[in-house]
Amino acid sequence: MSGRTTALTPPPEAGPPVRHPDAPAPGELIGAHYEYCFGCGGGVPHGLHVEARAGEGVSITAEFRVKEAHQGAPGLAHGGVLATALDETLGSLGWMLRVIAVTGRLETDYLLPVPVDAVLHLRAEVTAVHGRKIYCTATGRIGGPEGPVAVHAEALFIEVKVDHFIENGRPAEIQATLANPDQVKVARAFEVNP
Ligand SMILES: CCCCCCCCCCCC(=O)SCCNC(=O)CCNC(=O)[C@H](O)C(C)(C)COP(=O)(O)OP(=O)(O)OC[C@H]1O[C@@H](n2cnc3c(N)ncnc32)[C@H](O)[C@@H]1OP(=O)(O)O
């Protein structure tokens, strides 16, 4: 696509993504990484509640139903909300590599308006990895998993360690999350092998 910045183009020395042997099986529901995540958490009433599943290879599929609280123009999803849905799906790719990664750069193309009550069918995949840099893309389709593409993103995620959240976030909540026996999957996210 025209107008792309080179920051999202993997360098020639980048390698193909490698699915981690302990990655969840294709179709497995991944679940929220944090109850109060705006993208996936069940504890956020007006959140997106994106539901992600492991895909084939190093990919993720997800669904997001647009609700009234997500409007920009009347009856249509806000562009920032759609970017959030793409970001959330891309963020789940860390499960397939067994790393924790945060968004460094996200470029979004809006191709079709997305109405309230529509389900956005999302798919994200890693295209290349170079050191801590994870190059990835995502699409959101409406009208079904094979429907027309409404939104598309290219992104660069950067691998971080759990210290990133302890140093920059609220340590007490990180520790509480780790200590909660019901948050097994969250704990697994922190158990990543370097
Ligand atoms: C509960 C479970 C938890 C699970 C948590 C999962 C959460 C998922 C939620 C969804 C995703 C999100 O919204 S995450 C939240 C939004 N994102 C963030 O808050 C990130 C804020 N940014 C940062 O903290 C920082 O800038 C980092 C960590 C991204 C990078 O800082 P750093 O660690 O010091 O590394 P740095 O040397 O700067 O960068 C490493 C390499 O990446 C490149 N790089 C870095 N940023 C960019 C960029 N924007 N565009 C191009 N390239 C970039 C650098 O040039 C360098 O390349 P080279 O020199 O090596 O070639």
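Let me start with residues 75-143, where the chain is 25% helix and 46% strand. The range comes from UniProt, where an unreviewed entry gives residues 75-143 as "domain: Thioesterase".

What you are looking at is a predicted model. The protein chain has a mean pLDDT of 90, with 89% of its residues at 70 or more. As for the overall scores, ipTM is 0.97 and pTM is 0.93.

Now some backbone geometry. Arg 98 is not a glycine, yet its phi is positive, at about 55 degrees. Look for Arg 98 in the loop that runs from α2 (94-97) to β3 (100-110). Arg 98 has 17 other C-beta atoms within 10 Å, so it is classed as partly exposed.

His 49 also needs a mention: it has a positive phi of about 55 degrees and is not a glycine. Where is His 49 in the chain? His 49 sits in the segment before β1, and that strand covers 51-54. His 49 counts as partly exposed because 19 other C-beta atoms lie within 10 Å, and the cut-off for buried is 20 or more.

Last, Lys 161. This residue belongs to the loop between β6 (149-160) and α3 (163-168).

Methods
Residues are numbered from 1 along each chain as its sequence is written. This is a predicted model: local features need pLDDT of at least 70, side-chain atom pairs count only at pLDDT 80 or more; totals for chains, interfaces and linings use all residues. pLDDT is the predictor's confidence in each residue, from 0 to 100. Helices (H or I, at least four residues) and strands (E, at least two) are DSSP runs, numbered from the N terminus. UniProt positions are given in the numbering used here, feature names are shortened, and annotations may be inferred rather than shown by experiment. A residue is buried if 20 or more other C-beta atoms lie within 10 Å of its own, exposed if 12 or fewer, and partly exposed in between; C-beta atoms are placed from the backbone.
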